[in-house]
Amino acid sequence: MTRPAADDDRLAVSLRVLGWCVAVLLPVYAWTVIQAPLDSVQGVMQKILYVHPPLAYGAYLGFVATAIAGGLFLWRGREVHDQLAIAGAEVGTLFCSLMLITGPIWARGAWGPGNWWVWDARLTLTLLLWFVYLAYLLLRSFTEGDERAARFASIYGILGVVLIPLNYWIIDLVGGAMHPDNLANESSGLGEGMGLPFLVGNLTLFFVFVFLLVLRWRIGVLRAETDRVESDAAHPVRGSRPSTVDDT
Amino acid sequence: MNVALTLLWKDLVTEWRSRDRVVAMTIFAFLVVVVFQFAWPGMDREEIARLAPGVLWVTYVFAAVIGLGRTFATELENEAMTALALAPGTRGWIFLGKAAATWVLITLVQVLTALVFALFMRVDVSVGLAGSAAIAALANVAICSVGTLLSAMSVRSRFREVLLPVLLIPTLVPVLAAAVRATTATLGGDPLGLSLVQPLIVIGGIYLVLSFLLFDYVLDE
């Protein structure tokens, strides 16, 4: 079983590699978006398209990361998995919030004043996802005891990811036909010269997501290590505590 | 299995002697029904009939949240939770006993609420009575499964009264949506087909199995 120090070393190396990827991709991304032709109907508002869908992938990836890490924590009981779960939830919430902010800005621009929000299937789903994320973070902060909070949060994270396909299915059954063609042709309706910035946008924001995820993960690992060192200093007789969390 | 049956019996007997959960849930549900009356002054019968399934299910879910919040509250006294955790066998059976008892109580409250609702809102429930009952019975499986799991978690957190609805309601959205859809169809006179109950069976089944398995990690006593 690896010690937290080894985990941290590996995370530090990945972070450096990812940081370079982001640093190279970001200017390219900005340049391609600026260079992309203006949409004949929506004008400059259409450029939100290069930001909004990639954010959505980040939000879903965050949730999946949280659920997988939560499952691993329940199975193996290693603290490091729980720290990945927290990172997934926090970075996912950030991406989800940004997506919920950029969506209505585009909607108002495309559909006219007063159309900030429409109860469309995908919008509703994202909003629900956001609420599940918030509930997850609340559960963490309201539960006393690190190990218990980690266990409860893992359970909720797994429940949350099961909820995504269920919600998809139900909303499709119940209200999917309400706005049949508003977002459906969004990605297929890319005009000449719009494909490249869209692709670069997806790639860049994916790397940004992974970078932030690993960064937050590393902060969690380092924080736990600091706590451990401090508690060892306070109680030198007991020696160093093991890196695993008891899962009983 | 015996653990589940014993717990079911224990919870029902405790409830029969105190009747606090059922009374609280029923009064709350009646209150919500009456409050909705003020939310739509002067609405005609057709409009009310159209809104009825949604309002009824929102009332059911709110009442269920009240009842689920108390599922494990009594177990906190005298360290009864530790005694529960010491029960032989998989801890999933503890979950099943608790969930079954809550299912009985919630269903009872729903029957009473539906009667009052039909009376106050002048909705003709005789059309789809059996269908609506079957829908409620199925939806309650999902509500009680995930509700019991989350209740066991929230009861040992700070702000447990706030935390349970915040955790529970997002997970109940698909159940609510499927139940409202099916109830609307049956109250409208349609026969209760497989396509209407299928989502409820699937969600109920998934939630039941998942909660049964995950409950093992909830008790740490």
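Tutor: Residues are numbered from 1 along each chain as its sequence is written, and chains are lettered from A in the order in which they are written. In this predicted model, local features need pLDDT of at least 70, side-chain atom pairs count only at pLDDT 80 or more, and totals for chains, interfaces and linings use all residues.

Student: What makes two residues count as in contact?

Tutor: Their C-beta atoms, placed from the backbone, must lie within 7 Å. By that rule, 23 residues of chain B are in contact with 25 residues of chain A. H7(B) gives the most to chain B's side, with 10 residues.

Student: Why are H4(A) and H7(B) called roughly antiparallel?

Tutor: They pack at an angle of about 150°, with their axes 9 Å apart. Angles run from 0 to 180 degrees between N-to-C directions, along lines fitted to C-alpha atoms over the stretch in contact. Under 35 degrees is roughly parallel, over 145 roughly antiparallel, 65 to 115 roughly perpendicular, and the rest oblique. H4(A) and H7(B) are therefore roughly antiparallel.

Student: Which classes of residue make up the contact of H4(A) with H7(B)?

Tutor: Among them, A:Leu128 and A:Phe131 in H4(A) meet residues including B:Leu163 and B:Pro170 in H7(B). The contact has 12 nonpolar, no polar and no charged residues. Ala, Val, Leu, Ile, Met, Phe, Trp, Tyr, Cys and Pro count as nonpolar, Asp, Glu, Lys and Arg as charged, and the others, Gly among them, as polar.

Student: How do you know that the span of H2(A) is close to the expected one?

Tutor: H2(A) has 25 residues and reaches 36 Å from its first C-alpha to its last. The expected span is 1.5 Å times one less than the number of residues. That gives 36 Å, so the span is close to the expected one.

Methods: Helices (H or I, at least four residues) and strands (E, at least two) are DSSP runs, numbered from the N terminus.
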